[in-house]
Amino acid sequence: MSALAPTLEAYFTQRLISQRRASPHTVAAYRDAWRLLLGFAVGRVGKQPSQLDIADLDAPLIADFLTYLEQERGNSARTRNARLSAIRSFYQYAALRHPEHAALIARVLDIPAKRCQRTEIRHLDQPEIDALLAAPDPGTWTGRRDHALIEVAVQTGLRVSELTSLRLSDVHLGTGAHVRCTGKGRKERCTPLSRQTVRMLREWLE
């Protein structure tokens with residue numbers, strides 16, 4: 001067995017999950033990055049995934065992989081940088097376990113992220129908010145549910161994953177009404193609710 005397979009397994013099971021307690025979203029994103037890289041390496045090197053070694057995944061191959069993501073898969077620079085971050089994270093872990101590959105690992109870690117444009121994040125204006133809130137059909141159960149979700153989303157700015165993971169115990173509708181959630185990066189957020197949203201949520205919960 002090559003050094004790559006057990007090191008990659010330990011990276012996911014011990015480093016990401018046990019030690020860093022990475023979120024399922026992070027683990028899935030890193031898994032997908034490595035699935036793509038291994039598939040690319042198999043076609044380039046001509047070995048099966050279980051036969052690939054760290055020496056096979058050198059800086060030139062990683063650079064070619066990043067180019068492949070942009071030119072053939074049509075990924076954006078932002079996605080390309082996210083895949084590179086997953087690769088770098090593993091190589092930082094591998095550097096301590098395989099000093100015999102120190103020079104190769106250093107060259108991979110030197111691959112720079114690509115500059116990309118930052119999209120301006122616009123807020124919704126009141127007519128847009130009103131149009132969203134008017135879209136669900138109040139005569140149906142799903143329509144009332146969707147209206148409640150949109151109302152809370154507009155009021156709190158929660159991400160979709162945060163919104164759909166809310167539990168009844170996270171919503172406090174008494175004095176100092178608020179919604180509490182654990183969001184990205186396991187950061188706890190507490191967002192106040194307006195009187196209108198409190199009235200709507202009470203009706204929905206009933």
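Visitor: Which residues does Thr 182 touch, not counting residues up to four places away in sequence?
Guide: In this predicted model, Thr 182 lies in strand β2, which covers residues 178-182. Once residues up to four places away in sequence are set aside, the residues that Thr 182 touches are Lys 187 and Glu 188.

Visitor: How many Å separate Thr 182 and Glu 162 in space, C-alpha to C-alpha?
Guide: Along the sequence, Thr 182 and Glu 162 are 20 residues apart. In space, taken from C-alpha to C-alpha, the separation of Thr 182 and Glu 162 is 7.2 Å.

Visitor: Where in the chain is confidence highest, and where is it lowest?
Guide: For the chain, the mean pLDDT is 90, and 98% of the residues reach 70 or more. Confidence is highest, at a mean of 96, in helix α3 (residues 59-71), whereas the lowest mean, 85, belongs to residues 160-164, that is, to helix α8.

Visitor: How are α3 and α4 oriented, roughly parallel or roughly antiparallel?
Guide: The axes of α3 and helix α4 (residues 77-97) lie 9 Å apart, and the two helices pack at an angle of about 155 degrees. Angles over 145 degrees count as roughly antiparallel. The orientation of α3 relative to α4 is therefore roughly antiparallel.

Visitor: What kind of pair do the rings of Trp 34 and Phe 90 form?
Guide: There are ten aromatic pairs by the rule applied here. In the pair of Trp 34 and Phe 90, the ring centres are 4.7 Å apart and the planes stand at 70 degrees, so the pair counts as edge-to-face. By the angle of its planes, then, the pair is edge-to-face.

Visitor: How do the residues of the contact of α6 with α7 divide into nonpolar, polar and charged?
Guide: Helix α6 (residues 126-134) and helix α7 (residues 141-156) pack at an angle of about 155 degrees, their axes being 9 Å apart, and this makes α6 roughly antiparallel to α7. Ile 129, Leu 132 and Leu 133 of α6 meet His 147, Ile 150, Glu 151 and Val 154 of α7. The classes represented in this contact are five nonpolar, one polar and one charged.

Visitor: What is the handedness of the crossing of α2 and α3, left-handed or right-handed?
Guide: The axes of α2 and α3 come within 10 Å of each other and cross at roughly 110 degrees, and the two helices are therefore roughly perpendicular. As for its handedness, the crossing of α2 and α3 is right-handed.

Methods: Residues are numbered from 1 along each chain as its sequence is written. This is a predicted model: local features need pLDDT of at least 70, side-chain atom pairs count only at pLDDT 80 or more; totals for chains, interfaces and linings use all residues. Side-chain values use heavy atoms; hydrogens and water are left out. pLDDT is the predictor's confidence in each residue, from 0 to 100. Helices (H or I, at least four residues) and strands (E, at least two) are DSSP runs, numbered from the N terminus. Axes are lines fitted to C-alpha atoms, for helices over the stretch in contact, and angles run from 0 to 180 degrees between N-to-C directions. Angles under 35 degrees count as roughly parallel, over 145 as roughly antiparallel, 65 to 115 as roughly perpendicular and the rest as oblique. Rings of Phe, Tyr and Trp (its six-membered ring) pair if their centres lie within 6.5 Å; planes under 30 degrees apart count as stacked, over 60 as edge-to-face and the rest as tilted. Contact means heavy atoms within 4.5 Å. Ala, Val, Leu, Ile, Met, Phe, Trp, Tyr, Cys and Pro count as nonpolar, Asp, Glu, Lys and Arg as charged, and the others, Gly among them, as polar. A crossing is left-handed if the near helix is turned anticlockwise from the far one by less than a right angle, and right-handed if clockwise.
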